[in-house]
Amino acid sequence: MNTTLALTLLAAVLLVWVGHTYCWQRRALRGLPLRPKPRNHPSITVIRPIKALDTGLEANVRAALDHGYPGPVETLFVFDDHREPAWPVVEKVLAERGHADDTRVLFCGRPAGNRTGKLNAMIAGLREARGELVAFVDSDVRQDRDALRTLVDTLLGTAGAGAAFAPVVATAPPLTVGDAGYALMINGLYEPAAIAAAADRGGELPFIMGEFMAFKREAIAAIGGLETADGQLVDDMFLGHRLNEYGYRNVMSSHPVAIIQQGASLHEFLPILVRWLAFSRSGLPVLAFKLHHWLVGGAFWAGLAIALVAAGRSLPLVAVLSGSVPIAVGWMIHDLHVRLGGAPLPWSLRWVGFALWLAAPLIYARALTRTEIDWRGRRYRLDPRGRLDCNPATRVPRRDR
């Protein structure tokens, strides 16, 4: 077999594989199966940890209180203390609403060195929760009036389920390079792959995506409580692993929720990307999730490398065929981004998808070698496994921005 034929066949195989991957995810985005609705919707406590000041926080808080759930809902907003910049925003919305027994604010204090701030707030909220079910929602989520009901329907309508979680979609129109990168990472890469993997497994995953998740109390108790995630950087994914180990199912809701991010600069986005990759070190399984992205990245770089070799050898047809592989990868993530519900990127930002893959090796190397992570105004030191370094001798002092 001569070199020209070998390069042509390899480029063709890569292109076919990218097309197959795209079709697999596109089919999954048509929707996960709906679960039977319970006859009665039990009471639920929704715990919303808040740290720092999210874009559109006031609208997120108003959406949280306008939940549309047909059963009793208790909402707990959890802060470190009164100095949090988001506290006046929540206080304003609650004051306009007037006194309500179903809404409370808690102050949990700073976390211990072996616990993230989010997990600390979750544990504090769970101690005060009165609902039969418990949900945890990130502060940058803006739910609609069907999201919570569908989440509970999924949890109670699935035999053996211990937790349910919703896919998220970045819905704000991208204005900057950082916005475009953020939207493509969520809507074009992370969520379509997770939805497709869940669809292949009957709607469940061996981990949890924790932006919008609900638990049965008995499931939390069975795994040893939320405290079992002490020492973990990625509490939601770890809790999903624990539930899976104890025989419970983590099921995905068919109803996505919006996650709001807009106006992020490239300087602000790159640390987020590094942090996501750092989270994946200990939070995501290889075969069930990470392998897919490694293969997509491998196809992108292999196609680019073959195109350069073919161009250097004056093989224009091979160069065009192989060069279409990275183009197809970039087109795929933008198309999936739009199909999931994201706003199309303006032409001035369409190059961002290609730039992400070109920069991926350097960013991934940075994430693998990173020993400290800044996350919502706190700095965490990591051990070689990507978990919290709980050794007092090496721990980085906590600091607030």
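**View 1. Leu-295 is partly exposed, with a relative accessible area of 42%.** Partly exposed sits between buried, under 20%, and exposed, over 50% (1.4 Å probe, protein chains only). Leu-295 belongs to helix α10, residues 286–312. Helices (H or I, at least four residues) and strands (E, at least two) are DSSP runs, numbered from the N terminus. The model is predicted: local features need pLDDT of at least 70, side-chain atom pairs count only at pLDDT 80 or more, and totals for chains, interfaces and linings use all residues. Residues are numbered from 1 along each chain as its sequence is written, and side-chain values use heavy atoms, without hydrogens and water.

**View 2. Eight strands form an open sheet with mixed pairing.** Their order is β3-β2-β1-β4-β9-β6-β10-β8. Two strands pair if DSSP finds at least two bridges between them. The edge strands, β3 (103–107) and β8 (204–205), each pair on one side only.

**View 3. Strands β2 (residues 73–79) and β3 run parallel, joined by five bridges.** Val-78 has Leu-106 in β3 as its bridge partner.

**View 4. Phe-212, Phe-215, Leu-226 and Met-252 touch the most other members of the largest nonpolar core, which has 112 residues.** Such a core is a set of buried Ala, Val, Leu, Ile, Met, Phe, Trp, Tyr and Cys residues joined through side-chain atoms within 4.5 Å. Helix α6 (residues 177–200) gives the most to this core: 14 residues. Apart from this core lies another, of twelve residues, including Ile-50 and Phe-77.
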